[in-house]
Amino acid sequence: MNADAVVLDIDGVLVDVADSYRRAIIESVSRVYGDTIPKEDIQAFKDAGGFNNDWELTYAVALYVLASRAGLDRSIAEFTDRIAEAGGGLDAAEQVVAAALSEDAVARVFEKWDQEKLHAVFQQLYLGAELYAELEGAEPTLDARGYINDEPVLVEPETIVELTEAYPVGVVTGRPSEEADIALSRVELDVADEHRFTMDDWEQGKPHPHALTTLAERFDAERIVFVGDTLDDVRTATNAADADSSRDYFGVGVLTGGLTGEQGRRKYEENGSEAVIDSINDLPKLLAEN
């Protein structure tokens, strides 16, 4: 690949979020509606595309739960396949529900669908009461410790040193800026504000190529490697290549997020990944060999 810049996702790449963000998705829906989906089924929503924002993924899971109560007779696999066919993301989930239920049932579902409450519960579970009050500026209603404290670091210090000494390094993440700060501090990766994009920095989110192509311009790089843990991360690189023919963009998938094993490897390859690695710690060797 002969990379001259490296851009990293955070979740599932630098830190493990299985027991933080993904747990918060499942438990937020359960606390608000008394029912939820198995945690392993979150990946089906991720694979459908358009769910880089975990708040919106939470809303989509809640929508599925409510629609199922109202008569939606589809498995999660069928539901998320329809979302993918409709273009991915929360808007597509709403379209699928609207098409599958009667007008009266749809009205009942959307009347009960409380995104504001889901957001508040999610943030309290994830951040914990103290950090929630600090970052959200609201009084917590839950005595939560905070799942943010349950995020094992995936990247070794030596890997950070090798990458930052050899390449300019940027970050593109679906996290809000303050939550990105916390994760980057934990892994001791210092990234200048102009070399990172968070949820707060661009409206479209992944897999839209804007963040990646902008970082390529700011790095004045011709060959950019983007490492992520979802199909939307790989699609971000392929979309960037389509949008900017003056540079080369390479998507690299890691098997430390929701996509694992041979099935995960195959999905990455089917969606245009240049390479698949077991973890971010294999990246310096991959780049040195290419």
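Begin with the strands, which form an open sheet of six in the order E3-E2-E1-E4-E5-E6, with parallel pairing. The edge strands are E3 (196–197) and E6 (275–277), each of which pairs on one side only. Two terms need their cut-offs here: helices (H or I, at least four residues) and strands (E, at least two) are DSSP runs numbered from the N terminus, and two strands pair if DSSP finds at least two bridges between them.

Before going further, note that this is a predicted model, in which local features need pLDDT of at least 70 and side-chain atom pairs count only at pLDDT 80 or more, while totals for chains, interfaces and linings use all residues. Residues are numbered from 1 along each chain as its sequence is written, and side-chain values use heavy atoms, with hydrogens and water left out.

**The whole chain**

With everything selected, the protein shows 14 helices and six strands, and its C-alpha atoms fill a box of roughly 55 × 40 × 30 Å along the principal axes. The radius of gyration is 19 Å, which agrees with the value near 19 Å for a compact globule of 290 residues; this radius is taken over C-alpha atoms, and the globule rule is 2.2 Å times the number of residues to the power 0.38. Of the 290 residues, 53% count as buried, where buried means under 20% relative accessible area, exposed over 50%, and partly exposed in between (1.4 Å probe, protein chains only). Among contacts (heavy atoms within 4.5 Å) between residues at least 6 apart in sequence, 69% join residues at least 24 apart.

**Strand E2 and its partners**

Select residues 169–172, which make up strand E2 and are joined to E3 by two bridges, the two strands running parallel. In E3, Val171 has Arg196 as its bridge partner, and Val172 has Phe197.

Which residues of E2 lie on each of its two faces? Val169 and Val171 are on one side, Gly170 and Val172 are on the other, and all are buried, so that both faces of the strand are covered. In a regular strand the side chains alternate between the two faces of the sheet.

**Helix H10 and the residue after it**

Select helix H10 (177–187), whose buried residues are Glu179, Ala180, Ala183, Leu184 and Val187. Seen down the axis of H10, these buried residues fall within an arc of 135 degrees, so they line one face of the helix; the arc is that of the directions from the helix axis to the C-beta atoms. Their cover includes helix H1 (21–33), H7, helix H9 (157–166), E2 and E3.

H10 is followed by Glu188, which lies in the loop between H10 and E3. Glu188 has a positive phi of about 60 degrees although it is not a glycine, and at 66% relative accessibility it counts as exposed.

Move along to Lys206 and Pro207, which are joined by a cis peptide bond with omega about 15 degrees. Pro207 belongs to the loop between E3 and helix H11 (210–219). In the loop between H11 and strand E4 (223–228), select Asp220, which is not a glycine and yet has a positive phi of about 50 degrees. Is Asp220 buried or exposed? Its relative accessibility is 64%, so Asp220 counts as exposed.

**Asp233**

Next, select Asp233 in helix H12 (residues 231–243), which counts as buried at 1% relative accessibility. Leaving aside neighbours within four places in sequence, Asp233 is in contact with Asp9, Lys206, Phe226 and Gly228.

**Helix H5**

Finish at helix H5 (residues 89–100), whose twelve residues reach 17 Å from the first C-alpha to the last, close to the 16 Å expected at 1.5 Å a residue; the expected span is 1.5 Å times one less than the number of residues. Its buried residues are Gly89, Leu90, Ala92, Ala93, Val96 and Val97, and seen down the axis of H5 they fall within an arc of 160 degrees, so they line one face of the helix. On the other side of H5, Asp91 and Ala99 are exposed. What covers the buried residues of H5 includes helix H3 (54–69), helix H4 (76–85), helix H6 (103–112) and helix H7 (115–127).
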